[in-house]
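Good morning, and thank you for coming.

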Amino acid sequence: MTIEINYEETANEQVHMFFSPVVEGLILLCAMLLRNKKDFHYIDYQSIEKALPDQSRIFIEKWRSYCTNDLLGCLDLLLKVPHFQEEKDFYKGISTLPDPDFVQSFLGGEIPRDLIEMLLTSPEDIESMEERYEWSTPEKRQFIKTFLLELHSFRKEFLDVFLHIVHGDYFQRLIKTKQGSIDQSLLELGKLNMKPLALSQYVMGKTFKRTSDYKLYYFLPSYSFSPFKMRVFNHAVCIVIFGCAQPLNDDREKSKELSKILKVLSDPNRLLILRMLCVKKEYGARLAEYVGVTTATVSHHLDLLKKANLIKEEKIGAIKYFSADPVQLEKFKSVLQEFTNTKT
């Protein structure tokens, strides 16, 4: 499934939405080179590796020992060789890139060209260069130095393994069995009535600090990349890659809803009231006595807690009793935990 949108307001602005086997293959290869595979929950590493020829497995095992972090920065290569559908054309385009272009893009596109050329001339000089994120640890420096020293063989073997993965049985089964999820993500995206930049920020779940007058937007779903999202861009092109195993959501909207509840809970007296109502139901006067405030103030606190769906009200005779709503509290805690979940 492919979706293409042209916006009349800006005739030069185009949006393309489709599944890219090239992107999927690169993500699978980068994941295979990781030491820590916990983050990619939707990848069957054993099945991929089992289907690879011995030479590819040897390459993965060797370079996995050097890779201290993911190599997803290599997706910057798509800006140099935008062959998203035909893996052989991508292979050929990357094979013929000049060394400085390949190295700069493979390492994420942020290292200045003059530094790249210096390192290509003398890879050992990285040991004395001023620290950058790309070589912020001894392990990262060692990886880049080895990568540069073995550049030509690395590039060929990396691309060979990429082709083996894309042409392998696991990859073909993956696309066939997950086509529904991929197509559904594209349909959902196509229904959103948003300008391209706003749409890309929606998909990424954040407002971009760095933007440009992009003329070309690509939205590329990836099952294997779930639950992650990534933006690759230059001055003219913005590529958004997003995991499609789960429905899209906007973290900015979640943050607004969570902030409303957290604001209610930011008052210590309201927290005390909620704590008491988690233990047993109570009426206003008793809560006022417990907290040490007037009944009018307690009524105000209870009203805010009710609006936040944290407590519920029950009338027994002529008296209104309040108690914590366990279902809503668990829902709030679950959403907050998911929102603030960190990688391990």
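Helices and strands here are DSSP runs, H or I of at least four residues for helices and E of at least two for strands, numbered from the N terminus. By that scheme, proline 227 has its place in the loop between S3 and S4. The peptide bond that joins serine 226 to proline 227 is cis, with omega near 5°.

Before I continue, a word on the basis of the values. This is a predicted model, in which local features need pLDDT of at least 70 and side-chain atom pairs count only at pLDDT 80 or more, while totals for chains, interfaces and linings use all residues. Residues are numbered from 1 along each chain as its sequence is written, and side-chain values use heavy atoms, with hydrogens and water left out.

Let me turn to a helix pair. Two packed helices are described by the angle between their axes and the distance between the axes. Helix H6, residues 99-106, packs with helix H9, residues 151-167, at an angle of about 65°, and their axes are 12 Å apart. The axes are lines fitted to C-alpha atoms, for helices over the stretch in contact, and the angles run from 0 to 180 degrees between N-to-C directions. The crossing of H6 and H9 is left-handed, a term used if the near helix is turned anticlockwise from the far one by less than a right angle; clockwise would be right-handed.

Which residues in H6 and H9 meet? On the H6 side they are Asp99, Phe102, Val103 and Phe106, and on the H9 side Leu151, His152, Phe154, Arg155 and Phe158, where contact means heavy atoms within 4.5 Å. By class, 6 residues in this contact of H6 with H9 are nonpolar, 1 is polar and 2 are charged. For these classes, Ala, Val, Leu, Ile, Met, Phe, Trp, Tyr, Cys and Pro count as nonpolar, Asp, Glu, Lys and Arg as charged, and the others, Gly among them, as polar.

Please find valine 103, which lies in helix H6. Is valine 103 buried or exposed? With a relative accessible area of 1%, valine 103 is buried; the cut-offs are under 20% for buried, over 50% for exposed and in between for partly exposed, using a 1.4 Å probe and protein chains only. Leaving aside residues up to four places away in sequence, valine 103 touches Ile116, Leu120, Phe147, Leu148 and Leu151.

I come now to the aromatic residues. The structure holds 25 aromatic pairs. Rings of Phe, Tyr and Trp, the last by its six-membered ring, pair if their centres lie within 6.5 Å; planes under 30 degrees apart count as stacked, over 60 as edge-to-face and the rest as tilted. Tryptophan 63 and phenylalanine 154 form an edge-to-face pair, because their ring centres are 4.7 Å apart and their planes stand at 75°. Since tryptophan 63 lies in helix H3, residues 54-64, and phenylalanine 154 in helix H9, the pair ties together parts that are 91 residues apart in sequence. Tryptophan 63 is buried at a relative accessible area of 2%, and phenylalanine 154 is buried at 1%.

H12 is mostly covered, with 7 of its 9 residues buried; among them are Pro196, Leu199 and Tyr202. Glycine 205 follows H12 and has a positive phi, near 75°.

In helix H15, residues 284-291, the buried residues are Gly284, Leu287, Ala288 and Val291. Viewed down the axis of H15, these buried residues fall within an arc of 100°, so they line one face of the helix; the arc is that of the directions from the helix axis to the C-beta atoms. The buried residues of H15 pack against helix H14, strand S6, helix H16 and strand S8. Glycine 292 follows H15, and its phi is positive, near 90°.

Lastly, asparagine 309 is a residue other than glycine with a positive phi, near 60°. Its place is in the loop between H16 and strand S7, and asparagine 309 is partly exposed, at 44% relative accessibility.
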